[in-house]
Amino acid sequence: MKSFKEFWPFYLSEHSNATNRRLHFCGTLLVHLLLIWIIVSGQWKYIWVVPLCGYAFAWIGHFVVEKNRPATFKHPVWSLIGDFKMFYLMLFRKL
């Protein structure tokens, strides 16, 4: 795949299960909340928790629910962009 536009349909196909998408949503929401808390409180020593929380929910969704491998392993940047795009589409009920 040579572009995110090309990657996006593949990303969606790897998240066809609604429970997997909801787990991703929860993880990405937690990432947002943690980042806000860290920035406001200045507790930068907890920044390592951010990817841990985000990936924990996503990987449970893939390995346990969807039974596939996360796209992060082959396309880490596009996968991260896809996570946030999916989150905002779900948040505004566009997906």
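In this predicted model, α3 and α4 each supply at least two residues of the lining of the largest cavity. The greatest contribution is that of α3, with three residues. The structure holds one cavity of 30 Å³ or more, and the space in the largest cavity is about 40 Å³. Its lining consists of Tyr-11, His-15, His-24, Ala-58, Trp-59, His-62, Pro-70, Ala-71, Thr-72, Ser-79 and Asp-83.

The largest pocket holds about 220 Å³ of space. It is lined by 13 residues, of which Val-31, Gly-54, Leu-80, Asp-83 and Phe-84 are the closest to its centre. Two or more lining residues come from each of α2, α3 and α4 (76-91).

On the surface, a nonpolar patch is formed by Leu-35, Trp-37, Ile-39, Trp-44, Tyr-46, Ile-47, Trp-48 and Leu-52, which together have about 850 Å² of accessible area. Helix α2 (residues 18-41) provides the largest share of this patch, three residues. Tyr-46 lies in the loop between α2 and α3 (49-66). Is Tyr-46 buried or partly exposed? Tyr-46 has a relative accessible area of 34% and is therefore partly exposed, as this value falls between the limits of 20% and 50%.

How values were computed: Residues numbered from 1 in each chain as written. Predicted model: local features only at pLDDT ≥ 70, side-chain atom pairs only at ≥ 80, totals over all residues. Heavy atoms only, no water. Patch = residues over 30% accessible without salt bridge, like charges linked within 9 Å, V, L, I, M, F, W, Y side chains within 5 Å. Areas by Shrake-Rupley, 256 points an atom, 1.4 Å probe, with all protein chains shown as cover. Salt bridge = Lys/Arg side-chain N within 4 Å of Asp/Glu carboxyl O. Helix = DSSP H or I, 4+ residues; strand = E, 2+ residues; numbered from the N terminus. Buried < 20%, exposed > 50% of the residue type's maximum accessible area, 1.4 Å probe, protein only. 1 Å grid on protein atoms, 1.4 Å probe; cavity = no way out; pocket = protein on both sides within 12 Å on 5 of 7 lines; lining within 4 Å. Points joined across faces, edges and corners; volume = space filled by probe spheres on them.
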